[in-house]
Amino acid sequence: MNKLMFALLLTPALAFAQSGDSASRIKPREKPADSAPANLVTFTPFTELQPFPAPPAHACVQPPVAKAFASQKEADAFNAALNNYQACVKNYVTVNTAAANAHAEAANKAVAEANAYIAEINSKFSSTNKQ
């Protein structure tokens, strides 16, 4: 099995080595222009953002519910565990709501910035066309 895998891995390398002198067929790349013309607008190309991953599920542990408590001590322990569970869920909701609000605020800011930029362009072109 190892000999077969070695042969399969080595075959492309041998095929390339036997294909002849490829160095003489490689064309040199053309060098890019040193500077762009003064009237050329340069820009950063659009790169699509990927959505943020969903937040992980909460790790809050629900205390087991008993039909009846044998003692006041068991009832108190259940109430303490229940309070911890409620605090954990409340913290999870608070943290994720704050993150969602921050994302919404950033998106709204981007929209407002884009709208202001487009309005500026429209006002410049509309004043140029009227003259």
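A residue is called buried when its relative accessible area is under 20%, exposed when it is over 50%, and partly exposed in between, using a 1.4 Å probe and protein chains only. This is a predicted model, in which local features need a pLDDT of at least 70, side-chain atom pairs count only at pLDDT 80 or more, and totals for chains, interfaces and linings use all residues. Residues are numbered from 1 along each chain as its sequence is written, and side-chain values use heavy atoms, with hydrogens and water left out.

**The whole chain**

Begin by displaying the whole protein as a cartoon. The protein has 2 helices and 0 strands; helices (H or I, at least four residues) and strands (E, at least two) are DSSP runs, numbered from the N terminus. Of its 131 residues, 4% count as buried. Switch to a surface view: the protein exposes about 12600 Å², and carbon and sulfur atoms supply 63% of that area. Such areas come from the Shrake-Rupley method with a 1.4 Å probe, and for residues only the protein chains shown count as cover.

Next, colour the model by pLDDT, the predictor's confidence in each residue, from 0 to 100. The average for the protein is 80, and 67% of the residues score at least 70. Now select residues 1-19, where the pLDDT is below 50; beyond near neighbours in sequence, this stretch has 2 contacts in the model. A contact means heavy atoms within 4.5 Å.

**The disulfide**

Select cysteine 60 and cysteine 88 and show their side chains. What joins cysteine 60 to cysteine 88? The link is a disulfide, with 2.0 Å from S to S; the term denotes a pair of cysteine sulfur atoms within 2.5 Å. By this rule the count comes to 1 disulfide. Cysteine 60 lies in the loop between α1 (2-18) and α2 (72-130), while cysteine 88 lies in helix α2, so the pair ties together parts that are 28 residues apart in sequence. The angle about the S-S bond is -85°, and the link of cysteine 60 and cysteine 88 is left-handed. Cysteine 60 is buried, at 11% relative accessible area, whereas cysteine 88 is partly exposed, at 29%.

Then select valine 89, also a residue of helix α2. Valine 89 is partly exposed, with a relative accessibility of 27%.

**The aromatic pair**

A pair of aromatic rings is described by the distance of the centres and the angle of the planes. Rings of Phe, Tyr and Trp (its six-membered ring) pair if their centres lie within 6.5 Å; planes under 30 degrees apart count as stacked, over 60 as edge-to-face and the rest as tilted. The count by this rule comes to 1 aromatic pair. Phenylalanine 69 and phenylalanine 78 form a tilted pair, at 5.4 Å centre to centre with 40° between the planes.

Is phenylalanine 78 buried or exposed? Phenylalanine 78 is buried, at 16% relative accessible area, while phenylalanine 69 is partly exposed, at 36%. Phenylalanine 78 is found in helix α2. Leaving aside neighbours within four places in sequence, its contacts are Pro63, Pro64, Val65 and Phe69. Alanine 66 is 12 residues from phenylalanine 78 in sequence and 8.9 Å away in space, C-alpha to C-alpha.

**Further along helix α2**

Select histidine 103, which is found in helix α2 and is partly exposed, with a relative accessible area of 40%. Its C-alpha atom is separated by 9.9 Å from that of phenylalanine 52, 51 residues apart along the chain.

Finally, select glutamate 120 and lysine 124, whose side chains meet in a salt bridge at 3.3 Å, N to O. A salt bridge is a side-chain nitrogen of Lys or Arg within 4 Å of a carboxyl oxygen of Asp or Glu, and the count by this rule comes to 1. Both residues lie in helix α2, 4 residues apart, about one turn of the helix. Glutamate 120 is partly exposed, at 40% relative accessible area, and lysine 124 is exposed, at 51%.
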